[in-house]
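Subject: Structure for you to look at

Hello,

I am handing over the structure we spoke about. Please open it first, then read the notes below alongside it.

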Amino acid sequence: MASINDIANEFIREEIEEFLEEPDEIARTIDIFAQATPAMQTISAALIDGDHHTVDELTEAALEEGIEALEIMDDGLIAGMGIVGIKFRENFIFVPEVLACARAMKAGMAYIEPILSESGIDPIGTVIMGTVKGDLHDIGKNLCIMMLRGAGFVVHDLGVDTSEDEFIDAVEEHEAPILGMSALLTTTMPNMGKTIDAFIDEDLREEVKIMVGGAPVTQTFADDMGADGYGKDALACVALAKQFLEEPEEEW
Ligand code: B12
């Protein structure tokens with residue numbers, strides 16, 4: 001297990017000491033940052049600080065130095081957002097500060113997206129993705145979309161606050177065999193189940209494989225609502241979509 005002194009960045013060390021209280025969370029966060037390079041820690045620190053200009057500059061510089069886009073995304077941007085999430089949950093920061101951090105995340109992702117979305121291979125399948133009704137969180141969904149595109153999928157992004165009808169119309173219009181739904185709020189998670197029910201009502205459930213994800217979603221919740229798969233992160237999202245394509249239709 002790593003120790004806090006294995007983290008080079010003083011700002012990150014102070015954030016952990018000042019704002020994290022749960023032993024498991026402290027240990028997990030220390031492990032994440034201890035294995036990240038000082039350059040990635042600096043990107044995280046700027047993101048936690050809500051400084052989109054610095055995240056923009058540092059991300060561009062890191063890519064120019066030849067650092068992999070995936071490393072920047074995981075060890076720089078997502079790692080930083082982890083601390084932001086904990087501070088928000090514990091009421092150390094509020095919506096305006098989180099919005100500044102989300103803006104910083106997007107500034108970095110603007111460089112990462114074209115790289116991860118560039119697959120150079122023939123399209124392997126079509127996916128519809130959207131955040132469910134009532135939910136405006138789109139950072140995780142957008143990461144999934146980037147990775148799916150990078151893996152060769154054509155993705156139609158329905159954005160946030162997507163109604164059941166919008167999901168159904170998009171699947172029909174694009175004859176998409178795969179639908180992905182994202183939810184970040186416990187209050188909007190049930191809208192995933194409602195959307196699945198709407199597909200059943202329209203007699204379209206057999207036509208599409210449905211995967212779900214988002215921080216509060218679990219495998220059990222996915223099973224209970226009748227989804228075909230749950231993915232804990234963007235890599236799992238791509239793995240699921242590929243698995244759906246490989247499965248013969250009678251197993252659906
Ligand atoms: C950023 C953020 C915001 C931003 C969103 C900006 C944006 N453009 O997305 C803003 C400030 C707008 C916001 C608003 C609110 N938020 Co908010 N927010 C967050 C925060 C801090 C980070 C979310 C995030 O981007 N994480 C980083 C990404 C990379 O992770 P991710 O979304 O989980 O996605 C990954 C996986 O889940 C998975 N995945 C995601 N989608 C999918 C889909 C599929 C198909 C698959 C397979 C996988 C998959 O892959 C992704 C990549 O690895 C979380 C805290 C947290 N720990 O999640 C709170 C959090 C989600 N928010 C919360 C709350 C309460 C709110 C508000 C209600 C606050 C308020 N009082 O207004 C509003 C709700 C607005 C609305 N109607 O949606 C709560 C939810 C609590 C709950 N139990 O429901 C959280 C958990 C914070 C907390 N209190 O702990 N929020």
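**The sheet and its helices**

Helix α7 (residues 139-150) lies across strands β1 (125-131), β2, β3 (178-182) and β4, and runs at about 155 degrees to β2. Helix α11 (residues 234-246) also packs on the sheet, where it touches β1, β2, β3, β4 and β5. The direction of α11 makes about 170 degrees with that of β4. Please keep in mind that this is a predicted model.

The sheet itself is open and has five strands, in the order β2-β1-β3-β4-β5, with parallel pairing. Because β2 (153-157) and β5 (229-230) stand at the edges with a single partner strand each, one side of each is left without a neighbour in the sheet. For β5, that partner is β4 (residues 209-213), and the two strands pair in the parallel sense over two bridges.

**Helix against helix**

How do α5 and α6 pack? Helix α5 (residues 69-89) and helix α6 (residues 95-117) make an angle of about 165 degrees, and their axes are 10 Å apart. Angles over 145 degrees count as roughly antiparallel, so α5 and α6 fall into that class. The crossing of α5 past α6 is left-handed. On the α5 side the contact involves Ala 69, Ile 72, Met 73, Gly 76, Leu 77, Met 81, Val 84 and Phe 88. These meet Val 98, Cys 101, Met 105, Gly 108, Met 109, Ile 112, Ile 115 and Leu 116 of α6. By class, this contact has 14 nonpolar residues, two polar and no charged.

Helix α6 has a further contact, with helix α4 (residues 52-64). The axes of α4 and α6 come within 8 Å and cross at roughly 25 degrees, which means that α4 is roughly parallel to α6. The crossing of α4 past α6 is right-handed. From α4 the contact takes His 52, Val 55, Asp 56, Thr 59, Glu 60 and Leu 63. From α6 it takes Arg 103, Ala 104, Ala 107, Gly 108 and Tyr 111. Its residues divide into five nonpolar, three polar and three charged.

Helix α4 in turn packs with helix α3 (residues 38-48), at an angle of about 160 degrees and with the axes 9 Å apart. That makes α3 and α4 roughly antiparallel, and their crossing is left-handed. Ala 39, Thr 42, Ile 43, Ala 46 and Leu 47 of α3 are in contact with Thr 54, Val 55, Leu 58, Thr 59 and Ala 62 of α4. Seven of the residues in this contact are nonpolar, three are polar and none is charged.

**Around the ligand**

Which residues come nearest to the ligand? Of the 39 residues around it, they are Gly 85, Arg 89, Gly 140, Gly 213 and Gly 231. Several elements described above contribute to this shell: α5, α6, α7, β3, β4 and α11 each supply at least two residues. The largest share, six residues, comes from α5. By class, the shell has 23 nonpolar, 11 polar and five charged residues.

Regards

Note on methods
Residues are numbered from 1 along each chain as its sequence is written. This is a predicted model: local features need pLDDT of at least 70, side-chain atom pairs count only at pLDDT 80 or more; totals for chains, interfaces and linings use all residues. Two strands pair if DSSP finds at least two bridges between them. Helices (H or I, at least four residues) and strands (E, at least two) are DSSP runs, numbered from the N terminus. Two residues are in contact if their C-beta atoms, placed from the backbone, lie within 7 Å. Axes are lines fitted to C-alpha atoms, for helices over the stretch in contact, and angles run from 0 to 180 degrees between N-to-C directions. Angles under 35 degrees count as roughly parallel, over 145 as roughly antiparallel, 65 to 115 as roughly perpendicular and the rest as oblique. A crossing is left-handed if the near helix is turned anticlockwise from the far one by less than a right angle, and right-handed if clockwise. Ala, Val, Leu, Ile, Met, Phe, Trp, Tyr, Cys and Pro count as nonpolar, Asp, Glu, Lys and Arg as charged, and the others, Gly among them, as polar. A residue is near a molecule or strand if its C-beta atom, placed from the backbone, lies within 6 Å of it.
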